[in-house]
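Please keep the sequence and the structure in view while going through the numbered points.

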Amino acid sequence: MDKILITGGTGMVGKAIKEIVKDNSSYHFSYSHEADLSKYQSCYDLFVKYKPTKVIHLAANVGGLYKNINEKVDMLEKNLLINLNVVKCSYQFGVKHFIGCLSTCIFPDKTTYPIHEKMLHNGPPHISNDSYAYAKRMLEIQCNAYREQYGCNFMCIIPTNIYGPHDNFNLTDSHVIPGLIHKCYLAKKNSQDFIVSGTGKPLRQFIYSRDLAKFILWILNNEISNESLILAPNPDDEISIEQVAKRIAKEFNYPDRLTYDNTRSDGQYRKTADNKCLRQLYGDLDLTSIESGIKETVHWFQNNFQNCRK
Ligand SMILES: NC(=O)c1ccc[n+]([C@@H]2O[C@H](COP(=O)([O-])OP(=O)(O)OC[C@H]3O[C@@H](n4cnc5c(N)ncnc54)[C@H](OP(=O)(O)O)[C@@H]3O)[C@@H](O)[C@H]2O)c1
């Protein structure tokens with residue numbers, strides 16, 4: 001029977017996978033206090049302990065726009081080290097299927113749309129997240145090197161912006177949806193304006209964490225062997241930050257105090273990704289609508305406010 005190691009198993013995506021796997025006994029969900037994967041020996045010891053046959057590698061130093069701008073050294077070095085160690089150990093321990101996790105935010109800044117899998121290295125990433133992006137790009141290079149030199153089935157998934165329960169809702173470090181949910185919660189509580197950083201104009205594709213988990217498990221169970229695969233909704237499901245903020249405000253029943261702080265950075269204007277390969281392989285994606293996903297996430301945040309990451 002396969003033994004599956006999920007690195008970053010306590011994060012938003014790891015928790016979503018845990019919620020939908022029927023038999024937990026063949027899965028091990030690791031996290032940083034069990035093994036700091038940026039240290040080779042600690043990573044090696046984890047592999048000795050669990051001897052995985054398959055790996056879903058989610059562990060990463062992750063954050064939104066402002067963490068990417070303000071913590072460039074950590075975003076580069078931690079992610080490079082984590083990926084280097086996990087891929088190397090996967091090879092050393094004979095892992096037969098490895099799934100590494102990239103992101104559509106690491107694609108070139110100046111590009112044509114929609115972006116597809118083969119365009120990853122066609123130009124520099126946006127300056128705001130270049131450290132994170134280059135570290136993630138090296139994960140793809142490393143997986144391809146192991147594929148070519150040793151014939152390993154090491155592949156990378158490329159999700160768009162993910163959101164859902166168990167996300168990081170911190171006001172400065174978080175991604176856009178959890179950050180806005182926390183802000184709107186506080187604005188309503190204190191009867192203040194709900195201030196969105198930037199103009200609200202940038203466009204994004206969002207995927208609900210449970211939908212992403214479903215695709216990752218399908219890739220795992222079918223041992224999909226593409227070099228990389230974009231996991232995203234259709235390009236025409238792209239929506240603006242303004243639409244997201246309005247939806248969140250509606251969910252909190254606090255629609256009238258929404259304002260925009262145009263002095264804050266917008267980041268990249270759009271990153272529209274092509275999900276053609278995914279649709280060809282998977283068929284009907286049957287995704288959670290942004291309305292339902294935001295509704296569930298807002299309710300989860302309200303019900304877990306005391307203990308959630310924030
Ligand atoms: N969130 C998004 O919008 C988004 C979009 C595209 C791609 N991705 C990618 O999707 C993956 C999962 O993201 P997520 O949002 O689920 O992340 P997350 O909630 O921030 O979770 C990160 C996970 O990585 C672990 N981790 C961090 N540093 C580690 C270290 N040095 N050693 C071992 N484990 C470490 C954390 O463990 P602790 O809990 O112990 O700290 C946690 O389990 C990441 O690879 C990310 O780059 C995310």
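1. Three elements each contribute at least two residues to the shell around the ligand: helix H1 (12–20), helix H5 (130–150) and strand S6 (161–163). The model is a predicted one, and the points below should be read with that in mind.

2. The ligand has 27 residues around it, and those that come nearest are Thr10, Ser32, Leu58, Tyr132 and Arg309.

3. Which atoms of the protein lie close to oxygen atoms of the ligand? For Met12, a backbone N or O atom is 2.9 Å from a ligand oxygen atom. For Tyr132, an N or O atom of the side chain is 2.6 Å from an oxygen atom of the ligand. For Lys136, a polar side-chain atom is found 2.9 Å from an oxygen atom of the ligand. On its own the ligand has 910 Å² of accessible area, of which the protein covers 87%.

4. The sheet deserves a separate look. It is open and consists of six strands in the order S2-S1-S3-S4-S5-S10, with parallel pairing. At its edges are strand S2 (27–29) and strand S10 (228–231), each of which pairs on one side only. From one strand to the next, the twist averages 15 degrees.

5. Strand S3 (residues 54–57) is joined to strand S4 (residues 97–101) by four bridges in the parallel sense. Within this pair, Val55 has Phe98 of S4 as its bridge partner. Helix H4 (residues 72–92) packs on the sheet and touches strand S1 (4–7), S3, S4 and strand S5 (154–159). The direction of H4 makes about 170 degrees with that of S3.

6. A further helix, H7 (residues 209–221), lies across S1, S2, S3, S4, S5 and S10. Its direction runs at about 155 degrees to S10.

7. Pro114 belongs to the loop between S4 and H5.

8. Two residues other than glycine have a positive phi and may be inspected together. For His166, phi is near 70 degrees, and this residue lies in the loop between S6 and helix H6 (176–189). For Asp286, phi is near 50 degrees, and its place is in the loop between helix H9 (276–282) and helix H10 (290–303).

Key
Residues numbered from 1 in each chain as written. Predicted model: local features only at pLDDT ≥ 70, side-chain atom pairs only at ≥ 80, totals over all residues. Heavy atoms only, no water. Near = heavy atom within 4 Å. Polar contact = N/O pair within 3.5 Å; in protein donor to acceptor, adjacent residues only side chain to side chain. Areas by Shrake-Rupley, 256 points an atom, 1.4 Å probe, with all protein chains shown as cover. Pairing = 2+ DSSP bridges. Axes fitted to C-alpha atoms, helices over the stretch in contact; angles between N-to-C directions. Contact = heavy atoms within 4.5 Å.
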